[in-house]
Amino acid sequence: MLKYILQRFMQMIITLWVIATVTFLMMKAIPGDPFSDEKKLPEQVLANLRAHYQLDDPIPVQYLNYMKRLLQLDLGPSIKFETRSVNDMIQEGFPVSFQLGSQALVCAIIAGLFLGVVAALKQNRTADYLAMVLAVLGISIPSFVLGPLLQKYLAVEWELLPVATWEGFASTIMPTLALAALPLATITRLMRSSMVEVLTQDYIRTARAKGLPPVYVISRHTIRNAILPVVTVIGPLAVGILTGSFVIENIFSIPGIGKYFVESIHNRDYPLIMGVTLFYSVLLVGINFLVDLAYGLIDPRIQLGKKEGK
């Protein structure tokens, strides 16, 4: 187990290095620089700004300086927000994005598993059809469309929730629903199909034939085995929720990290773009690593299979 963790950790480091390198090269491949649109400033001032941010250094020198800063966990200064560093902006905005993303992920997992289990147990009945209709709607309607719809009806028409603020729990309900819709639908469909398949297995029939209580059979044998495919997709879904919050945060005026990412692209703020991209890459790789470990804990046969293979 320890050897597997070390191997996965080294893979994470290599993956992050590749992402950082590719992101850096993509930024440098874009024509111009963050100051190309500054027509009002004298040329000497622009030259001084480029020298200050080391934009006039050769590309290999800029790359080495960038990697040195990364080793020190320094993402560099923001170009457009002159008095602030990328680290400070991430530290300020990420807790808000994390709260929103966590709420959406928890809602999606709990509601998705519940609807998937109910749909499988009530297969081809009203509950099954309703759950599948909700799943299809969740997949079909993008979050950036669902968000304004929720604002229109829940906030403007019915005046149940605030339109676009970040003050108290009530202001988090609509963006949470908008973010949770797609992963909830995905988990529901995946859990239902997995449950239907597990319910037909011989060991389930054997457990029922032994007279075990239905609740015990479902909770101990059926759900535990059916949930494995869901665990596999939780990692990408979690990161999808966090990255999807970029648009939702702008729709609902949420002071999260998504606001800085959108503004960094508009302003061509290279350090901020690369910093936020790398930060979310760390989240993606880290969450996938934790999911791999959780997968082995839920199904001990995976670990035994590796030991036998050795």
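Arg50 touches Asp33, Phe35, Ser36, Glu43, Leu55 and Asp56, leaving aside residues up to four places away in sequence, where contact means heavy atoms within 4.5 Å. Arg50 lies in helix H2, which covers residues 43-52, and Arg50 counts as buried at 19% relative accessibility, the term buried meaning under 20% relative accessible area, exposed over 50%, and partly exposed in between, with a 1.4 Å probe and protein chains only. This is a predicted model, in which local features need pLDDT of at least 70 and side-chain atom pairs count only at pLDDT 80 or more, while totals for chains, interfaces and linings use all residues. Residues are numbered from 1 along each chain as its sequence is written, and side-chain values use heavy atoms, with hydrogens and water left out.

**The chain as a whole**

- The secondary structure of the chain comes to 13 helices and zero strands, where helices (H or I, at least four residues) and strands (E, at least two) are DSSP runs numbered from the N terminus.
- Along its principal axes, the C-alpha trace of the chain spans about 85 × 65 × 30 Å.
- Of the 310 residues of the chain, 40% count as buried.
- Among contacts in the chain with a separation of 6 or more, 71% are accounted for by residues 24 or more positions apart.

**Salt bridges**

- The structure holds five salt bridges, a salt bridge being a side-chain nitrogen of Lys or Arg within 4 Å of a carboxyl oxygen of Asp or Glu.
- One of them joins the side chains of Arg50 and Glu43, at 3.9 Å from N to O; Arg50 is buried, with a relative accessible area of 19%, whereas Glu43 counts as exposed at 57%.
- Another salt bridge is formed by Lys152 with Glu157, whose closest N and O atoms are 3.5 Å apart; Lys152 is partly exposed, with a relative accessible area of 37%, and Glu157 also counts as partly exposed, at 46%.
- The side chains of Arg205 and Asp202 meet in a salt bridge at 2.9 Å, N to O, and both residues lie in helix H8 (residues 202-209), three residues apart, or about one turn of the helix.

**Packing of helices H6 and H7**

- Two packed helices are described by the angle between their axes and the distance between the axes.
- The axes of helix H6 (residues 143-157) and helix H7 (residues 170-199) come within 9 Å and cross at roughly 145°, the axes being lines fitted to C-alpha atoms, for helices over the stretch in contact, with angles that run from 0 to 180 degrees between N-to-C directions.
- The crossing of H6 and H7 is right-handed; a crossing is left-handed if the near helix is turned anticlockwise from the far one by less than a right angle, and right-handed if clockwise.
- On the H6 side, Ser143, Leu146, Gly147, Leu150, Gln151, Leu154 and Ala155 meet Met174, Leu177, Ala178 and Ala181 of H7.
- By class, this contact of H6 with H7 has eight nonpolar, three polar and no charged residues, where Ala, Val, Leu, Ile, Met, Phe, Trp, Tyr, Cys and Pro count as nonpolar, Asp, Glu, Lys and Arg as charged, and the others, Gly among them, as polar.

**Aromatic pairs**

- The count comes to six aromatic pairs, under the rule that rings of Phe, Tyr and Trp (its six-membered ring) pair if their centres lie within 6.5 Å, with planes under 30 degrees apart counted as stacked, over 60 as edge-to-face and the rest as tilted.
- Tyr153 and Trp158 form a tilted pair, 5.9 Å centre to centre with 45° between the planes; Tyr153 is partly exposed at a relative accessible area of 38%, and Trp158 counts as exposed at 53%.
- Phe279 and Tyr280 form an edge-to-face pair, 5.8 Å centre to centre with 85° between the planes; Phe279 is partly exposed, with a relative accessible area of 21%, whereas Tyr280 is buried at 5%.
- Ring pairs link Phe94, Phe98, Phe279 and Tyr280 into a cluster.

**Loop residues with positive phi**

- Gln54, placed in the loop between H2 and helix H3 (59-71), has a phi near 60°, a positive value in a residue other than glycine, and is partly exposed, with a relative accessible area of 32%.
- Glu159, found in the loop between H6 and H7, has a positive phi near 55° and is likewise a residue other than glycine; Glu159 is exposed, with a relative accessible area of 65%.
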